[in-house]
Amino acid sequence: MAKLRTEHVTKSFDGRKIIEDISLELHQGELVSLLGLSGGGKTTLFNVIAGVSAPDSGRVLLDEQEITGQTGHVSYMLQKDLLLPYRTIEDNVAIPLLIRGMKKQEARERAREQFGAFGLEGTERKYPSQLSGGMRQRAALLRTYLFSSDVALLDEPFSALDTITKSAIHRWYLDMMGKLKMSTLFITHDIDEAILLSDRICLLTGAPGKITEEIVISEKRPRTRDFNLTEEFLDYKRRIIEALGQRP
Amino acid sequence: MAKLRTEHVTKSFDGRKIIEDISLELHQGELVSLLGLSGGGKTTLFNVIAGVSAPDSGRVLLDEQEITGQTGHVSYMLQKDLLLPYRTIEDNVAIPLLIRGMKKQEARERAREQFGAFGLEGTERKYPSQLSGGMRQRAALLRTYLFSSDVALLDEPFSALDTITKSAIHRWYLDMMGKLKMSTLFITHDIDEAILLSDRICLLTGAPGKITEEIVISEKRPRTRDFNLTEEFLDYKRRIIEALGQRP
Amino acid sequence: NTPDGDGGKNDGGKGTAAGDGEKITVVLDWTPNTNHTGMYVALEKGYYKEAGLEVEIMQPPEDGASALVAAGKAEFGINAQDTIAPAFAMEQPLPVTAVAALIQHNTSGIISRKGEGIDHPGGLAGKTYATWDNPVEQAMIENVVNGDGGDYGKVNLIPNNITDEAAALEMNQTDAIWVFYGWGGISAKLRGVETDFFNFVDYNKTFDYYTPVLIANNDFLAERPEAAKAFLAATARGYEDAVKDPEEAAKILCTADPSLDKELVSESQKWLADQYMADTEQWGYIDPARWNGFYQWLWENQLISVEIPENFGFSNDYLAK
Amino acid sequence: MKRKLQSITSKLTSASGILGIVIVWQFCCSMGWIPKFMLPSPADIIKALVTDFPALMQHSGITLLEAFLGLSLGVTVGVAAAVLMDRFPSVYKAFYPLLILTQTIPTVAIAPVLVIWMGYGIAPKVTAIVIVTFFPMAIGLLDGFRSADQDAVRLLSSMGAKRKQIFRYIKFPGAMGQFFASLKICASYSIVGAVIAEWLGGNSGLGVYMTRVRKSYAYDKMFAIIVLISVISLLLMKGVELLRRRCMPWETRE
Amino acid sequence: MKRKLQSITSKLTSASGILGIVIVWQFCCSMGWIPKFMLPSPADIIKALVTDFPALMQHSGITLLEAFLGLSLGVTVGVAAAVLMDRFPSVYKAFYPLLILTQTIPTVAIAPVLVIWMGYGIAPKVTAIVIVTFFPMAIGLLDGFRSADQDAVRLLSSMGAKRKQIFRYIKFPGAMGQFFASLKICASYSIVGAVIAEWLGGNSGLGVYMTRVRKSYAYDKMFAIIVLISVISLLLMKGVELLRRRCMPWETRE
Ligand SMILES: Nc1ncnc2c1ncn2[C@@H]1O[C@H](COP(=O)(O)OP(=O)(O)OP(=O)(O)O)[C@@H](O)[C@H]1O
Ligand SMILES: Nc1ncnc2c1ncn2[C@@H]1O[C@H](COP(=O)(O)OP(=O)(O)OP(=O)(O)O)[C@@H](O)[C@H]1O
Ligand SMILES: O=C([O-])O
Ligand SMILES: [Mg+2]
Ligand SMILES: [Mg+2]
């Protein structure tokens, strides 16, 4: 039984099909990456899954229950950070807790506990305009984490982070996923990152975009830095680059 | 003679020093990358160089003329795309031409000629909200390109691009730099990208941030994909990761 | 504690036990002035209270008191026979009745700069007159001008929004303007502006209509005739006192409204002392012949669209005998 | 077909608020609960509108002219004030208090003074309208200018944009929403302002006519004038809305 | 030291506009170019302010009370209207035209009708102020709500935020700038509105007193009242500004 499933999802803008017939499965505890060219329709698909945009046709199912067009079921970190300029960082990241009805003080405290893990110590009382790009991205990730649904959609969550910060956050994220038995679907342009983190990688290519290939990464986790240098890793990478480079 | 030079630049926010004593040189035709941890002060330094933010102390010189606090001398692509929501993409990217006094029609035409090279065909009349994240980033780059000063500051210009699009743009950019004898200072978190593109890589580390290491990449350009796999490349990479990972 | 125009509110201090007396509200036709003195005297000297009434005097909205009185928001109001005519000349007239004349004769007329030939109506021809754009007003001017051998067609009419007649004349804003002599005329004199003046009544007896008059709400009159009578009786006492002692009356008015020019009030009061009751013994009496005569004239000159029946719109029944 | 039905339903909803009130009002009047001098019935008002039509049209002309002149001038002055105050901090400092001051003075109070200064023609009326309209425009626009995205301003100035260009590319388009919101308010104030100004006196115009019918206790005619004023204002505001749609295409895109 | 000097210079600039006008005005009056009944001199006005102080204070009380009640109610009604119209599209459709309509009706024209309905006392005055203040508030706020960042709305709704929460976390704080801009306008309108409403009659209040002194040719006193009204409005608006700073700390940070 799939945790999350899309069935034949199609979506157009201004009469032009952006994605077509996307059927995808995400199992319990799995981390699946979505790779594809810029402008290929990855964000569009996420919007449909999160329920903030309605598909032209097709369905989205969570635990085999239809949730097409419904919001509030999955954690969603958008490509833009969308921190609210008039709230401090702690109040920004506490929003999902407040939405779930938690008291303001308690929500703030819960949020504050996590600032360390995200390398955001000291920014609790700052406003978003006072943070660096990577710090904002981490704040947005922390906000998504606090929503704590057991399915997460992450749209390029680590793109503004340096290698060091990124691998720290990777470790923390995989750890947390394991503990909380979460499933994650995520978009990245960093192929290394995708191979390092994913159970499976889906390639979204063509116009309109379709899932043209699915690559299972069998190496078990946690994958060390040395995995990067193995022939196996380079094979995956070559295969992906080739597939992405092919115009349909 | 350096094309661009900073001398002992220091900048604080709210009484906290963010960068300290940054002295940096960029020579004619050179591409220099700035690598550092997220929140380390890279964007802050760029703002000082571009003249949109005044340093606490230190100077910025272009062709040995002081330009500290002056704007309009260098092309600057900010980390946020900052496309104006009320202008179509063509009108957004044409802004630097309009600022230089070009007629509206001519500016539009000049801008349109470049849409192909940036993979933005068909988006001329769209509004920014109708573009994908990577497309917006490319539009912002195109806008920076059209400003066509011979010194460019690029703040994470390719972070939202997939590998394929990214290498196409890399090729195009190096080509153009050569033709126009441009010099570029750029910020990235992608170490591979930095090694592939740079003449030199400066590491900005510590708090407050200082230039703690400078690595010259001697391999001549254009560097093929195979360079990625050489022992030399991996050496550079290891060295950088190590330097970044060290807390001062 | 001094009584003043803002009395209602400050009355508490004067010991009018609230709920004691019957509440009566009077809406003026203008800011407090010497036409109203009798009511302020009655208020100050406690005549109303003696009559078991709790009276409050109100300044009116710009367009006057009649609608308010008709709507029952005030028991009494002040208006004039000419301006209220359209309210009577309707299929459903406003439910109000004139119950007392505050001044016996029409003391209004035309004031102008001295020596410009407007000391008689005919002199208006070729001159500028500031009009309220009121058909009755204009018909009266036409009547007296033409009757005096002038040509009304040659009077140059300009809109009137003048509050300071003397200044307007001095500044040549207009050559002539309508005033109540007892206020506007006296004011000009006191300020040393040399003027000519003529009275309408001197050129046409029909124009000796009643202005100003106290009007009352019809339902109030029907339901509480005793209160109406008590009010008019107390008011009459006030006016009688003002006739007898203008100096004291002037002082009472000035205390009621401290913004008034004391000298003007004093002079006006002295002049009006002879006018309040003039040739009648009974304060407030309305002569049916004069009342009907003026309305007849309006009807004949097509100044109203519905004829006002004889003896309609006024009553002497509530006056003290 | 379905779409057409929807659009009709939508229009009915729009009309329902006003229609509901009119029906209740007519009912109360017909039942004799409200005497005519308190509030004439909608039917009476419509009758007055029809019979009085020629007079109303004649008086509308001058009022519309005044409103148009006053609005144009008021908006121009308001925009100019906002632009200058945004451009020169010292102008802002010196004139902002003055701007606020003009608004704290009851227009109707100084209106008679205007007549004394300017006479009975169109000038004092236009001036009064300018006074009531320029303030919402200046304040609204200034607010719009000041809320410009500072990062975008920084970007453009990094390109060497002059103040004028930053104004043109960022501040002005960014404040357009505010501009039209203010223009809507000003349009409605201009008509109301013209009518009130005409109470100062004059020979024609809806305000003059209104005073006249009020003094003759013709309440049905008075309300007919009010209805006419409302209709004119509504049309003007509708016009502003259409203009806004045309000038801000990016707003309707999404 | 240098800072103090700067602050003094800055204050002088602020005052310069008004001061300049006052000086020119006084000069023209002293030279006898402007007769007193056209415009009393600043000195006369100040004298009147001083001598008339007790009366002014007494009349201010009731006017302030009316303004306060009217403003509170008007703002409440305006906010409620904006919130409801933003929340329920059908309410928007049914009431937006009505809202616009109320604004196209000259308040001063229906004010007398208000007195006829509600009698003397504070009710018709408060109602008139409510009518003039709720419109700028409702329109301004609605505009603020509607310009909320749709992407942020989408994000929060992806978290399952209810409309109420989207309102609370995005629309409301996002519209606060607009709210305070409107509140500033409303604050000034409430005082002016109270004075005009008092012309409907009554026996105390600055409007009643103003009518009285105007009709007794006391122009210096009349202008003293106007000055007092301006001062009160300015103080109110200053208060709104302070409140805005307190409520929107992120604005002053950068
Ligand atoms: N306007 C500001 N007010 C206060 N602090 C600021 C402001 N701008 C930046 N900072 C602080 O300065 C530090 C450096 O920020 P900067 O944006 O230069 O980092 P960066 O190196 O560009 O990071 P990233 O790689 O994440 O973009 C951060 O700690 C940030 O919080
Ligand atoms: N609101 C919209 N209106 C019109 N077109 C849109 C809209 N949103 C997205 N598009 C178009 O849909 C296509 C796919 O966009 P999408 O954002 O899904 O791409 P993406 O795969 O996420 O790209 P990136 O990697 O650059 O973020 C693009 O061509 C874009 O122009
Ligand atoms: O009766 C008057 O026309 O003043
Ligand atoms: Mg995307
Ligand atoms: Mg940065």
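**Helix packing and beyond**

Modeller: Keep in mind that this is a predicted model. In chain A, helix 5 (residues 133-147) packs with helix 6 (residues 163-180) at an angle of about 0 degrees, and their axes are 13 Å apart.

Colleague: What does that make helix 5 of chain A relative to helix 6 of chain A, parallel or antiparallel?

Modeller: Roughly parallel, because the angle is under 35 degrees.

Colleague: Which residues make the contact?

Modeller: Helix 5 of chain A brings A:Arg138, A:Leu141 and A:Tyr145. From helix 6 of chain A come A:Thr165, A:Ile169, A:Trp172, A:Met176 and A:Leu180.

Colleague: Switching to charges. How many salt bridges over all chains?

Modeller: The count is 72. Side chains of opposite charge can pair when their charged atoms come close.

Colleague: Give me one. What does A:Asp150 pair with?

Modeller: A:Lys3, with the closest N and O atoms 3.0 Å apart. A:Asp150 sits in the loop between helix 5 and strand 7 (151-155) of chain A, and A:Lys3 in the segment before strand 1 (4-13) of chain A, so this pair ties together parts 147 residues apart in sequence.

Colleague: And A:Lys3, buried or exposed?

Modeller: A:Lys3 is buried, at 8% relative accessible area. A:Asp150 is partly exposed, at 33%.

Colleague: Where do A:Arg112 and A:Glu90 come in?

Modeller: Their side chains meet in a salt bridge, 2.7 Å from N to O. A:Arg112 is in helix 4 (residues 104-113) of chain A and A:Glu90 in helix 2 (residues 89-93) of chain A, so the bridge ties together parts 22 residues apart in sequence.

Colleague: How is A:Glu90 classed, buried or exposed?

Modeller: Buried, because its relative accessibility is 1% and the cut-off is under 20%. A:Arg112 comes out partly exposed, with 28%.

Colleague: Which residues are linked with them in a network?

Modeller: The salt-bridge network links A:Glu90 and A:Arg112 with A:Asp91, A:Arg108 and A:Arg125.

Colleague: What about A:Glu231?

Modeller: A:Glu231 forms a salt bridge with A:Arg238, and the closest N and O atoms are 3.1 Å apart. A:Arg238 counts as partly exposed, at 40% relative accessibility.

Colleague: New topic, chain B. Where is B:Pro55?

Modeller: In the loop between helix 1 (42-50) and strand 4 (57-62) of chain B. B:Pro55 is buried, with 15% relative accessibility.

Colleague: What does B:Pro55 touch, leaving out residues up to four places away in sequence?

Modeller: B:Val9, B:Thr10, B:Lys11, B:Val48 and B:Thr68. Take B:Lys11: it is 44 residues from B:Pro55 along the chain, yet their C-alpha atoms are separated by 5.0 Å.

Colleague: Now the assembly. Which pair of chains has the most contacts?

Modeller: Chains D and E, among the six pairs that touch.

Colleague: And which chains do not touch chain B?

Modeller: Chain C is one of them, with nearest C-alpha atoms 50 Å apart. Chain E does not touch chain B either, and there the nearest C-alpha atoms are 9 Å apart.

Colleague: Last one. Where does D:Trp33 sit?

Modeller: D:Trp33 is in the loop between helix 1 (2-30) and helix 2 (42-51) of chain D.

Colleague: Is D:Trp33 buried or exposed?

Modeller: Exposed, with a relative accessible area of 56%. D:Trp33 forms a nonpolar surface patch with D:Phe27 and D:Met31. Together the three have about 370 Å² of accessible area.

Note on methods. Residues numbered from 1 in each chain as written. Chains lettered and ligands numbered in written order. Predicted model: local features only at pLDDT ≥ 70, side-chain atom pairs only at ≥ 80, totals over all residues. Heavy atoms only, no water. Patch = residues over 30% accessible without salt bridge, like charges linked within 9 Å, V, L, I, M, F, W, Y side chains within 5 Å. Areas by Shrake-Rupley, 256 points an atom, 1.4 Å probe, with all protein chains shown as cover. Salt bridge = Lys/Arg side-chain N within 4 Å of Asp/Glu carboxyl O. Helix = DSSP H or I, 4+ residues; strand = E, 2+ residues; numbered from the N terminus. Buried < 20%, exposed > 50% of the residue type's maximum accessible area, 1.4 Å probe, protein only. Axes fitted to C-alpha atoms, helices over the stretch in contact; angles between N-to-C directions. Parallel < 35°, antiparallel > 145°, perpendicular 65-115°, else oblique. Contact = heavy atoms within 4.5 Å.
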